[in-house]
Amino acid sequence: MSMTTETTLDLDIKQRLLEECLRQQTDFVDNARRAMEEAQTSANESQSAIEDKFESFREACQIQRDMFAKQLDEAQAKLSILKRIVRNKVNEEVALGSIVRTDAQNYFISVSLGEIVIDGEKFYAISAASPVFQVMAGKTKGETFLFRDKKITILDIC
(Lines give C-alpha, C1' and ligand atoms only; values in the text may rest on other atoms or scores of the structure.)
Protein backbone atom coordinates (compact mmCIF):
# COMPACT_ATOMS: atom_id res chain seq x y z
CA MET A 1 0.00 0.00 0.00
CA SER A 2 1.68 3.23 -1.15
CA MET A 3 1.19 6.44 0.74
CA THR A 4 -0.38 9.33 -1.09
CA THR A 5 1.10 12.83 -0.98
CA GLU A 6 -1.88 13.90 1.15
CA THR A 7 -1.18 11.14 3.68
CA THR A 8 2.50 12.11 3.78
CA LEU A 9 1.54 15.75 4.43
CA ASP A 10 -0.88 14.67 7.16
CA LEU A 11 1.81 12.55 8.81
CA ASP A 12 4.15 15.57 8.67
CA ILE A 13 1.46 17.69 10.36
CA LYS A 14 0.87 14.92 12.92
CA GLN A 15 4.58 14.83 13.72
CA ARG A 16 4.70 18.62 14.08
CA LEU A 17 1.58 18.65 16.27
CA LEU A 18 3.04 15.92 18.46
CA GLU A 19 6.38 17.78 18.74
CA GLU A 20 4.57 20.98 19.80
CA CYS A 21 2.44 19.09 22.35
CA LEU A 22 5.57 17.38 23.73
CA ARG A 23 7.35 20.75 23.96
CA GLN A 24 4.44 22.39 25.78
CA GLN A 25 3.93 19.46 28.12
CA THR A 26 7.65 19.23 28.92
CA ASP A 27 7.53 22.93 29.83
CA PHE A 28 4.57 22.23 32.16
CA VAL A 29 6.53 19.41 33.82
CA ASP A 30 9.65 21.56 34.23
CA ASN A 31 7.70 24.53 35.61
CA ALA A 32 5.73 22.37 38.07
CA ARG A 33 8.93 20.66 39.24
CA ARG A 34 10.69 24.01 39.71
CA ALA A 35 7.72 25.50 41.62
CA MET A 36 7.49 22.41 43.84
CA GLU A 37 11.22 22.54 44.62
CA GLU A 38 11.04 26.28 45.41
CA ALA A 39 8.11 25.72 47.79
CA GLN A 40 10.02 22.88 49.46
CA THR A 41 13.12 25.07 49.81
CA SER A 42 11.04 27.86 51.39
CA ALA A 43 9.52 25.37 53.84
CA ASN A 44 12.96 23.97 54.73
CA GLU A 45 14.51 27.42 55.21
CA SER A 46 11.73 28.49 57.56
CA GLN A 47 12.49 25.55 59.89
CA SER A 48 15.63 27.25 61.14
CA ALA A 49 13.70 30.40 62.04
CA ILE A 50 11.78 31.04 65.26
CA GLU A 51 9.48 28.00 65.46
CA ASP A 52 6.14 29.45 66.57
CA LYS A 53 6.20 32.55 64.39
CA PHE A 54 6.99 30.64 61.20
CA GLU A 55 4.99 27.45 61.78
CA SER A 56 2.01 28.69 59.76
CA PHE A 57 4.35 29.90 56.99
CA ARG A 58 5.99 26.47 56.83
CA GLU A 59 2.57 24.79 56.68
CA ALA A 60 1.53 27.12 53.86
CA CYS A 61 4.73 26.23 51.98
CA GLN A 62 4.00 22.51 52.46
CA ILE A 63 0.45 22.94 51.14
CA GLN A 64 1.82 24.82 48.16
CA ARG A 65 4.49 22.15 47.61
CA ASP A 66 1.82 19.44 47.68
CA MET A 67 -0.28 21.37 45.16
CA PHE A 68 2.72 21.70 42.81
CA ALA A 69 3.53 18.00 43.33
CA LYS A 70 0.00 17.13 42.18
CA GLN A 71 0.39 19.38 39.14
CA LEU A 72 3.73 17.71 38.40
CA ASP A 73 2.15 14.24 38.58
CA GLU A 74 -0.63 15.31 36.20
CA ALA A 75 1.84 16.93 33.78
CA GLN A 76 4.04 13.80 33.79
CA ALA A 77 0.99 11.59 33.16
CA LYS A 78 0.04 13.71 30.13
CA LEU A 79 3.63 13.59 28.88
CA SER A 80 3.59 9.80 29.08
CA ILE A 81 0.35 9.71 27.02
CA LEU A 82 2.01 11.85 24.35
CA LYS A 83 5.03 9.54 24.27
CA ARG A 84 2.73 6.59 23.47
CA ILE A 85 1.44 8.20 20.25
CA VAL A 86 2.90 6.56 17.14
CA ARG A 87 4.08 9.38 14.88
CA ASN A 88 3.82 7.58 11.55
CA LYS A 89 0.60 5.65 12.10
CA VAL A 90 -2.29 6.46 9.79
CA ASN A 91 -5.52 6.04 11.75
CA GLU A 92 -8.60 4.81 9.90
CA GLU A 93 -10.88 5.69 12.81
CA VAL A 94 -10.89 8.32 15.54
CA ALA A 95 -8.53 7.19 18.32
CA LEU A 96 -5.57 8.41 20.38
CA GLY A 97 -3.07 10.02 18.02
CA SER A 98 -5.60 10.82 15.29
CA ILE A 99 -5.80 14.08 13.42
CA VAL A 100 -9.52 14.58 12.81
CA ARG A 101 -10.67 17.20 10.31
CA THR A 102 -14.36 18.03 10.56
CA ASP A 103 -16.62 20.60 8.96
CA ALA A 104 -16.56 22.41 12.34
CA GLN A 105 -12.88 22.33 13.34
CA ASN A 106 -9.76 20.16 13.40
CA TYR A 107 -8.68 18.02 16.33
CA PHE A 108 -5.52 16.25 17.44
CA ILE A 109 -6.48 13.46 19.84
CA SER A 110 -3.70 13.58 22.41
CA VAL A 111 -3.90 15.59 25.63
CA SER A 112 -5.82 18.74 26.44
CA LEU A 113 -3.59 21.63 25.36
CA GLY A 114 -5.96 23.82 23.40
CA GLU A 115 -5.30 25.47 20.06
CA ILE A 116 -2.15 24.74 18.06
CA VAL A 117 -1.52 26.32 14.66
CA ILE A 118 0.51 24.48 12.02
CA ASP A 119 1.09 26.28 8.69
CA GLY A 120 -1.84 28.58 9.41
CA GLU A 121 -4.22 25.66 10.07
CA LYS A 122 -5.81 25.46 13.54
CA PHE A 123 -5.97 22.20 15.47
CA TYR A 124 -7.36 21.65 18.94
CA ALA A 125 -5.32 19.23 21.04
CA ILE A 126 -7.93 17.36 23.08
CA SER A 127 -7.78 14.37 25.39
CA ALA A 128 -9.58 11.07 25.12
CA ALA A 129 -11.57 12.16 28.19
CA SER A 130 -13.05 15.21 26.43
CA PRO A 131 -16.79 15.19 25.66
CA VAL A 132 -16.25 15.83 21.93
CA PHE A 133 -13.87 12.85 21.68
CA GLN A 134 -16.39 10.65 23.48
CA VAL A 135 -19.00 11.24 20.75
CA MET A 136 -16.59 10.82 17.81
CA ALA A 137 -14.47 7.91 19.09
CA GLY A 138 -14.32 4.98 16.67
CA LYS A 139 -15.97 6.89 13.83
CA THR A 140 -14.46 6.96 10.33
CA LYS A 141 -14.12 9.43 7.46
CA GLY A 142 -17.54 10.55 6.18
CA GLU A 143 -19.42 9.67 9.36
CA THR A 144 -21.25 12.27 11.42
CA PHE A 145 -21.72 12.82 15.13
CA LEU A 146 -23.82 15.12 17.25
CA PHE A 147 -22.08 17.51 19.62
CA ARG A 148 -23.87 20.33 21.48
CA ASP A 149 -26.92 19.86 19.25
CA LYS A 150 -24.79 20.33 16.12
CA LYS A 151 -24.34 17.66 13.46
CA ILE A 152 -20.64 17.46 12.58
CA THR A 153 -19.15 15.54 9.65
CA ILE A 154 -15.71 13.94 9.73
CA LEU A 155 -13.95 15.07 6.54
CA ASP A 156 -10.66 13.24 7.08
CA ILE A 157 -8.69 11.22 9.61
CA CYS A 158 -4.99 10.55 9.81
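Asn-106 has a relative accessibility of 12% and therefore counts as buried, a class that means under 20% relative accessible area, with exposed meaning over 50% and partly exposed in between (1.4 Å probe, protein chains only). The model is predicted, so local features need pLDDT of at least 70 and side-chain atom pairs count only at pLDDT 80 or more, while totals for chains, interfaces and linings use all residues. Residues are numbered from 1 along each chain as its sequence is written, and side-chain values use heavy atoms, with hydrogens and water left out.

**Strands around Asn-106**

Asn-106 belongs to strand 2, residues 106–110; helices (H or I, at least four residues) and strands (E, at least two) are DSSP runs numbered from the N terminus. Its side chain makes a polar contact with the side chain of Glu-121 at 3.2 Å. A polar contact is a pair of N or O atoms within 3.5 Å; within protein, one must be able to donate a hydrogen and the other to accept it, and residues adjacent in sequence count only if both atoms are side-chain atoms. Beyond residues up to four places away in sequence, Asn-106 touches Val-100, Arg-101, Glu-121, Lys-122, Phe-123 and Tyr-124, where contact means heavy atoms within 4.5 Å.

Strand 2 runs antiparallel to strand 1, and three bridges join them; two strands pair if DSSP finds at least two bridges between them. With three residues between them, strand 1 and strand 2 form a hairpin, in which Arg-101 stands opposite Asn-106. Strand 1 (residues 99–102) directs Ile-99 and Arg-101 one way and Val-100 and Thr-102 the other way, and all are buried. Strand 1 also pairs with strand 6 (residues 150–157) in the antiparallel sense over three bridges, and Val-100 has Ile-157 as its bridge partner there.

**Met-136**

Met-136 lies in helix 3, residues 131–136, and is buried at 0% relative accessibility. Leaving aside neighbours within four places in sequence, Met-136 is in contact with Val-94, Val-100, Tyr-107, Ile-109, Ile-126 and Phe-145.

**Salt bridges**

A salt bridge is a side-chain nitrogen of Lys or Arg within 4 Å of a carboxyl oxygen of Asp or Glu, and the count by this rule comes to eleven. The table gives examples.

| Pair | N to O distance |
|---|---|
| Asp-10 and Arg-101 | 2.8 Å |
| Asp-119 and Arg-16 | 2.9 Å |
| Arg-23 and Asp-27 | 3.0 Å |

Asp-10 and Arg-101 meet in a salt bridge. Because Asp-10 lies in helix 1 (residues 5–46) and Arg-101 in strand 1, the pair ties together parts that are 91 residues apart in sequence. Asp-10 is buried at 7% relative accessibility, as is Arg-101 at 14%.

Asp-119 and Arg-16 form a salt bridge. The pair links the loop between strand 3 (114–118) and strand 4 (121–127), where Asp-119 sits, with Arg-16 in helix 1, 103 residues apart. Asp-119 is exposed, at 63% relative accessible area, whereas Arg-16 is partly exposed at 31%.

Arg-23 and Asp-27 are four residues apart in helix 1, which means that about one helical turn separates them. Arg-23 is partly exposed at 43%, and Asp-27 is partly exposed at 34%. Elsewhere, salt bridges that share partners join Asp-10, Arg-101 and Glu-121 into one network.

**Cysteines**

The structure holds zero disulfides, a disulfide being a pair of cysteine sulfur atoms within 2.5 Å. Cys-21 is in no disulfide, and the nearest cysteine sulfur, in Cys-158, is 14 Å away. Cys-21 is buried at 0% relative accessibility, and Cys-158 is buried at 2%.
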